[in-house]
Structures are given as C-alpha cells and as structure tokens.
Amino acid sequence: MAGTGRAGMLTRREALVGAGAAGASLMLPGGSAWAQGAAKPAELKVGIATYLSGPASVFGVPGRQTAEMLFDEINAAGGIAGIKVRPIFVDEGPGVDHVVGEYRRLVQSEGVHLIFAAISSADCIACAPLADELKRPTLLWDCGTQRIFEDNRYNYAFRTQANATPEILAALLYLLKAKPDFKSIAVINQDYAWGRDSWDIFRTAMNTLKPGVKVSAELFPRFGATDFSTEITRVLALRPDVVLSTSWGGDLDALIRQASDRKLFERSTFVMPLAESSLQRVGKALPAGHIVGARGDHWFLHPSPADPERLKRFSDNYRAKYNAWPIYPCFHMAQAVSAMKVGIEKAVAAKGGGWPTDAELAAAFKGLEFPSPTASVRIREDGQGLENQLIGTTLHTDKYPFPVLTDMIVFPAESVTTPVGQKSADWLKTLTPEMVAKLPQAQAFK
Amino acid sequence: MTRRSETLLALAGAVLVLGLAYAVPWLRFVLTIALAKGLAVLGILLLLRAGQVSFGHALYLALAAYTVAFGAVVVPEALLLLPAAAFLAGVVGLLIGLFVVRYREIFFGMLNLALSMVFYSVLEKFYSLTHGADGIRLPPVTFLGRPLAGEAGEWTVLGMALVLALACGALVRVALASPLGEALAGIKTRETRLDFMGVSPKRVLLAAYVASAVMAGFAGAIIALTTRHVTPALSYWTTSGELVFIAILGGAGSVIGPFLGAAAYELTRVYAAATFANAWQMVLGLVLLGVIVFAPGGIWGMIASRRRAA
C-alpha cells in the first residue's frame, strides 16, 4: 500500500484520461438521434424486445425472423408513409432489469419511434408504465398476462393481440363442446407465473360452466424440466378423463414425447392451448384426437381466413425463407407490424400528410382496427386487442409430417374476452352454460 | 495505494458518473444499477478477504427489493424504505450467518447458494402474494414527501446510490485496515493462528457476513427503486454468480474495485447487447476470460500494477 505522491498523480491522470476517452466513446452511438416531434424522420426506427437467448427463444427467434421478413417487405414496397423502417432487436433473455435498461436506451439513445415489447409478461408489466413515462408508443406484441390493462390504464401502451383469459377460456369452451361429459381432469403446468395463472383461469371458468368436475391432480413440474416420468406415472394411475397442459417450448415437447411413449394419450384427452407452436417439432409423436390451441386464431391452414391470399402469401414466404411453417409468435409479430403500419398511416392521414407527434401517434392506436394474416384485430379503448381464437383437434394426414388441426372452431373475440373495466377473475364467474350451445360450427380439415 | 490518492480517485469516479449521467441520459439508469451492484460486491469483497466466496448473496438483494416493493404499499417514503430494507437484510443475514460462518470454502458457498434458491422458490410458490415470475410493480414512491418519478426521480436514486457507495466504500476501507480486516485476512491464510491469538474467527466472519448482507440490502433497495419492478430472478443463482463475476472483474485489491467491476460489467453488457444482440453473452464471456488470463488482479490490479511500474 506504500506509494509516492508522484506515482499517485500519474495513476490518477492516466485513469482520468482513460475514463475520459471511454466516456467520449460511450457518447458516440447515442448522438442526438432522437430528434422528435412533427419533423418527418428520415427513417422509422422500431425497438423490438424478444427472446434471443434462453428457453423462450423458441418464440423469440421466429418472432424476430418474422419481423425481419415483414420489415423487408414494407421497405420493398416503399416504406410506411414513404419512410423506410428499421428494426432494432434487444434480448429479453437476461431479465427485467436488463429489458428496462434497454428500453431506456432504445428511447433515449437510439431514438426509436415505436417499441414492440415483449414476450415475457414481467417485461410487459415493467415496460407499459415506462411507455407512459417516456411517452413512446409501445405495442405489447406477445405477452399473455391479463393483469396489464385490467389493473392499470396507459396512454402509450397497446396490445395487438388477445390475453390469457380468451386464450384459455376458448380451450375450455372447445373441450365442453367436444367432450361434454368429462368427469375428472388433471393439470401438468410449468411451475411459474403463466402455469399458475392459466390454471387459475381454466379452473375458475370450469367451476362456473361445469361445476363438480373432479380435479384429480395439480402437478407443477419445475420450469425447464426434461423428465416427466413422475407426473406421467401419477396421471396414468389416476386415469383422469382430461389432462390440461398450458406448457410450451422444450417442456411441452418432452412431455408430449414421454406421454406418447407411455401411451398416456390413449387413456386421457389432452388439452394443450399452446401446442400449435410444438407441432412441427414433435411431429406424429402427438397422436390424433387431442385438443390444441394457438394463443389466437393462428394456424397456417386457417379454415376461413378473411383474406386467403394474404395468409397464403405470409405462410409461404415464411416457409420459403426459414424452412418452417409460421407458428403463433410469427402471427403475433405480423399483427404488431400490421398495427404499426395502419396506425402510422392513420395518424399521418389525420395530420393531412404531416408527421404526427408521439402523443398523436399513440392516440391513433386507440380503437384502431388492422388486418392480421387470418382476420382483423381491434384495439379497444382500454388498450387491449380483440383477437379471435382458434382451437382444433389433432389429425394425422399424409400431406404433412406433423399433426394438423381438424374440427376447428374460431371463437369471435368479443365472446371470449373480458369486457372493458372488468377483471377476468370476476367476469369468468358470471359465464353461463348457454355460452357453449351458442358456439360457432366446427370446420374440418380440407 | 495511499489513502489520499484512493479518496481522490473515488471522488473523481463519482464526478465522472455524474458527468456521464448528465451527458448521456439513458446511462443514468445503467449507472445506478452498476453502483447498486457495486455496493453488493463490496460486501462480497469483505468475504473474499477471508477467502470465502458466497454464491448466494442475491438472497439479500431480493429480500431487500421485495421489502421495498411490499413496504411501499404501507410507507411510500424512499428514505424510510431504504434503511428498513437494509436492516431486514442485516437481521436475516445475522440469523443465517450464525450457522453458515461455521463452514468454509465450497460448503460456505454452496450453503449460501442453497438458501438463496430456497428464497427463490418461496417467491415463486407463494404465488397469490408475489405474483410469481411476473413479479411486482412498485407503487408510487416519495422522497421527502415529493413523488420519486420522472427525471428528478432518476437523479435522486442515482444520488442516493452514489452517497451510499462512497459511504460504504469509506467504511469498508477503514474496516479492512482495522484489526477486523487483518483478522479476515488471517482466516484466509491460517485460521488456527487467530484462535491462538484469542480471536474468534467465527465472530469475525459473522461481522463481515452481516455487513455484506446489509450492503446487499442497500443494493437490492436501490435496484427496486430504479427498475420499479421486482421479480424472483433477483434471487436466482445467476444473480449471485453475476456478483462474484463482478468481484473478479473489478479485482479484490481495493474498495474501488467492485465499482470499477460493476461499471465495466454493466457497460460491457449494455454495449455488447446493443452491438451484438445475438451474441452478447459471448462478448461478456470473452471479456471475463481476458481478465482472468491477462489481469488476474482484475481491473483494479491493472491500475495498481501500472502505478507500481511507474
């Protein structure tokens, strides 16, 4: 610890010079890029939070690929209102504090005009208030939690898709129609917020619409588990009529394969509201006759799309580029991109061709109706998107190396979404069994 | 390094932080988080002096962050929440410390890791209270009765972090030079000698452990006030690993090391993530490898050895 004063001086000076140089280089990427307001930007920058690492990258990477594909298409067609668009991706993998920091960087340093956030519900809950604080229009493009717009109101945050309530309720209604006299159910969900939340929604609605169903087992294997032998053995012994699993990604793939090996699919009907995203990976390990959902009306073989050409072009382009059929996060990303395009055009038109301010752009999203690859979505006054839901039953066909859906029901968004100003937990208790009788007709695979 | 030059360096660092935060607004957030993590690593540094590595200090980080999140509903005053959170972290640190200080090295590290993972599971499983992995959004918080929000709020939290960092840094500097600090180093070299001198190594380590828990508590409270959203990920083992990573990166030679390490870590991460959204983890890994191979004393060691060379 001994040292001369002179040596101390040198270190200090060196340290300061070094730090100063570092500081100067830090400021470079920022610059004064966030020239905002009514001046028409030379380029439209869009910050996109998605999972590029970690287990949820099974959704994040297809989402990113879709964004790249669609941004290229927009630019090839001359941009939005004559302005080219550029996506800037940030990784949700490291967690909420990272995403919150990245959100600030995107707004204050990159000067993005719009943000798409995020896949994780926690990230959305953290970003929505930031949108209002930093006054940057933000589209919640994929996260599921219904808490965001039921607990709070935001002026700058909008959701371009449905939420957990319609996604889970639609699967239950389908089950009640397809297999009305089931007596018992077991649940195998991932042990984290989504697994718990979705079971809560399902159970609340089930107890209202069909009281007296026996819950044989509530199993919450660890998030990221790879071995489900305990759960499968238990469910094989209990013989419930129905097994619910809202799991996704590697967890669901492993569960399906292991349940298939041990013939669990022959004993119980599975209800898997997120399994559309796993079909191409598990292939025909998943037998026919089980109920599958897609967090919306997302299915590349949608039986009655509003614009069949649009869906076909979207699916074929994606398949040609990435060698896989688009799964639900691709559709969610397409919806966010579509909302952005229509929203900006609406705001520009309202300004008589001038460029809108952030507040005017945000206002344009309220009540906005925009086309999705399969139908259209309307953003309600509370910021929540109204999106139809599609649920179907698996079917094996020679045309595809994985199960496809048949007996598909497309639930109109209004019929399954919690009305404005109500909380899902309360609204689900007011449902009546007549609802099941009024469901639309099922449509077979063609 | 002399006390005077270290003090000057710390003050220069503080001025640099303020200058950067002023010049580059979005860095305010990053620097506040870096200072908070630096505080937690300062506690790790105390334990490192005794040759003990805790892989579970995220426990105190998360405990304090959740104390702030739950406490803000009752008392939304940052100046009360901050000490309350650190106090609670200290009390829990004392209780846990009473038995973990009986263990050394891998057992010490693993026991801490296990306890922080228990807390992680509690946060996940008590779903109706904590909302599990979705976490809790902080209600509006005040500072001296005024709302802690917007740009003024960011400056206030950064200021608090800076004051805490300087104060804790000075205290730890004094403590390390005191008999307590020498005794900590004694645990690392040969513990039996302390016993022969009539000093209880357990008591010395317990004092350091509680102090480190309090500092991690301050850090957790600052993180909660900055991100305004707390999730169980704060107590996951990777967060503890991150703290140890920062300690290695910064170097254990001086109390300035943890803050250098934290700033370098956060800035590398942010800039790597901004430049290579796909491969930022690799950049971070290469930086750590580089530090281990070329500068085993961390960033501080690099500065100190250049001083010696001069």
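Reader: What share of the 446 residues of chain A counts as buried?
Author: Keep in mind that this is a predicted model. A residue needs 20 or more other C-beta atoms within 10 Å of its own to be called buried. Among the 446 residues of chain A, the share that counts as buried is 52%.

Reader: What is the radius of gyration of chain A, and why would one compare it with a compact globule?
Author: A compact globule with 446 residues would have a radius of gyration near 22 Å, so that is the number to hold chain A against. The C-alpha trace spans about 85 × 70 × 45 Å along its principal axes. The radius of gyration of chain A agrees with the globule value, at 24 Å.

Reader: How confident is the predictor about chain A, and which residues have a pLDDT below 50?
Author: Chain A averages a pLDDT of 87, and 91% of the residues score at least 70. One stretch falls below 50, though it has 42 contacts in the model beyond near neighbours in sequence. That stretch is residues 1–37.

Reader: How is chain A divided into domains, and how far apart do their C-alpha centres lie?
Author: Domain 1 takes 43–161 + 306–379, while domain 2 takes 165–294 + 388–437. The contact between them uses 14 residues from domain 1 of chain A and 16 residues from domain 2 of chain A. On the domain 1 side, the residues that touch domain 2 divide into nine nonpolar, four polar and one charged. As for the C-alpha centres of the two domains, they lie 28 Å apart.

Reader: Is Arg239(A), with its phi near 50°, buried or exposed?
Author: Phi of Arg239(A) is positive, in a residue other than glycine. Its place is in the loop between α8 (229–238) and β8 (242–244). Arg239(A) has 12 C-beta neighbours inside 10 Å, and therefore it counts as exposed.

Reader: In which loop is Lys263(A) found, and what is its phi?
Author: Lys263(A) is found in the loop between α9 (249–261) and α10 (264–267) of chain A. Lys263(A) counts as exposed because it has 11 C-beta neighbours inside 10 Å. Its phi is positive, in a residue other than glycine, with a value near 60°.

Definitions and conventions. Residues numbered from 1 in each chain as written. Chains lettered and ligands numbered in written order. Predicted model: local features only at pLDDT ≥ 70, side-chain atom pairs only at ≥ 80, totals over all residues. Rg over C-alpha atoms; globule rule 2.2 N^0.38 Å. pLDDT = per-residue confidence, 0-100. Contact = placed C-beta atoms within 7 Å. Domains from an automatic or database assignment. Nonpolar A, V, L, I, M, F, W, Y, C, P; charged D, E, K, R; others polar. Helix = DSSP H or I, 4+ residues; strand = E, 2+ residues; numbered from the N terminus.
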